[in-house]
Amino acid sequence: MKETGYQPIEWLDNKVKLLDQTRLPREEVYLELGDYREVAAAIKEMRIRGAPAIGVAGAYGIALGALKIEDTSRDNFMRELKDITQTLAATRPTARNLFMAIERMQQAAEARGDTAQMKKALVNEAARIHSEEIEATGKLARFGAGLIKDGTTVLTHCNTGPLATTGYGTAIGVIRQAKEQGKQIKVLADETRPLLQGARLTAWELKQAGIPFTLITDSMAGYFLNRGKIDCVIIGADRIAANGDTANKIGSYGLAVLAMENGVPFYVAAPVSTIDLSLACGDEIPIEERNPDEVTHLQGASTAPEGTVAANPAFDVTPHYYITAIITEKGIIKEPYIERMRGIV
Ligand code: MRU
């Protein structure tokens, strides 16, 4: 599997280094953050984004916060750690990977006897979460590539590459792997309003990977699907409920309906860390509401009259019956999801 020339996130012993995704594709700027509150702000401001990458950043943020705790009483340490995890948990509510990481970090600390051991365990656990996410997308990309025939044109939404996963990528990982297997693959990338992750980040990553792509506006997807120009749709996921209902970037649900209407397979690619078996169905998935300014403004410039009321749900939920298959690192899951997900997770 080919490496990329960029590193979305790195642990530097007492700092977290990350590539500021809000400044791409214009400039490649790395930030070095020494305080967990800065990491929380970077997640909230989407300097690092994409569910798996949010989970990794959250874990390193907790490790960073823990290293600065001076109190050596176990109880006080756990109390301070709770404040740190609460700050990180309040950043992006939909990404399951963030909460998976927080749960694992809490367990890692609880299992140790003294605060020095706890700090060491937290740093190690964050590194483990990072390497597991990298491994997971590498594996799921190989499973997913088996579904992609030579000569396929794929429609994808938002950004799901190394930037979003710290690893190989979910939907983009499947596309990269199919290309590395020698298949001719073309991509149609939705620009992904309002924050343009498709135009800014997917286009940047596909260009670097040498994968031919055409950028379209979100509202062009139906046109291309209806004209038979798309062979399959592949998206990532922020949270998948026990019945397969999938929350992903706003606009994913519309693509799923359009894909079914036009007889085109619709795949979700996600690591198992994105699956949340505690939620029975998609109605229970918390949906992040972001600042309406992201809709009324484009990169700082207003695009609507002052005072315009705008809505900004960041994700929508695609019901499981629109999803042809869910591609994970443990294999490909199809209906009935409710039974097969429990078996695989
Ligand atoms: O708001 P974002 O940019 O964090 O949303 C990202 C997505 O919706 C991705 O599709 C999802 O996190 C899966 S990425 C592997």
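Helices (H or I, at least four residues) and strands (E, at least two) are DSSP runs, numbered from the N terminus.

This is a predicted model, in which local features need pLDDT of at least 70, side-chain atom pairs count only at pLDDT 80 or more, and totals for chains, interfaces and linings use all residues. Residues are numbered from 1 along each chain as its sequence is written, and side-chain values use heavy atoms, with hydrogens and water left out.

I looked up which residues surround the ligand.

Next I took the polar contacts (pairs of N or O atoms within 3.5 Å). An oxygen atom of the ligand is 2.8 Å from a polar backbone atom of Ala-51, and one is 2.9 Å from such an atom of Gly-50. For Asp-238, an N or O atom of the side chain is 2.8 Å from a ligand oxygen. The protein covers 100% of the 410 Å² of accessible area that the ligand has on its own (Shrake-Rupley method, 1.4 Å probe).

Last, I checked the backbone. A cis peptide bond joins Leu-24 and Pro-25, with omega about 5°; Pro-25 is in the loop between β2 (16-19) and β3 (30-33). Another cis peptide bond joins Glu-335 and Pro-336, with omega about -5°.

Notes:
A polar contact is a pair of N or O atoms within 3.5 Å; within protein, one must be able to donate a hydrogen and the other to accept it, and residues adjacent in sequence count only if both atoms are side-chain atoms.
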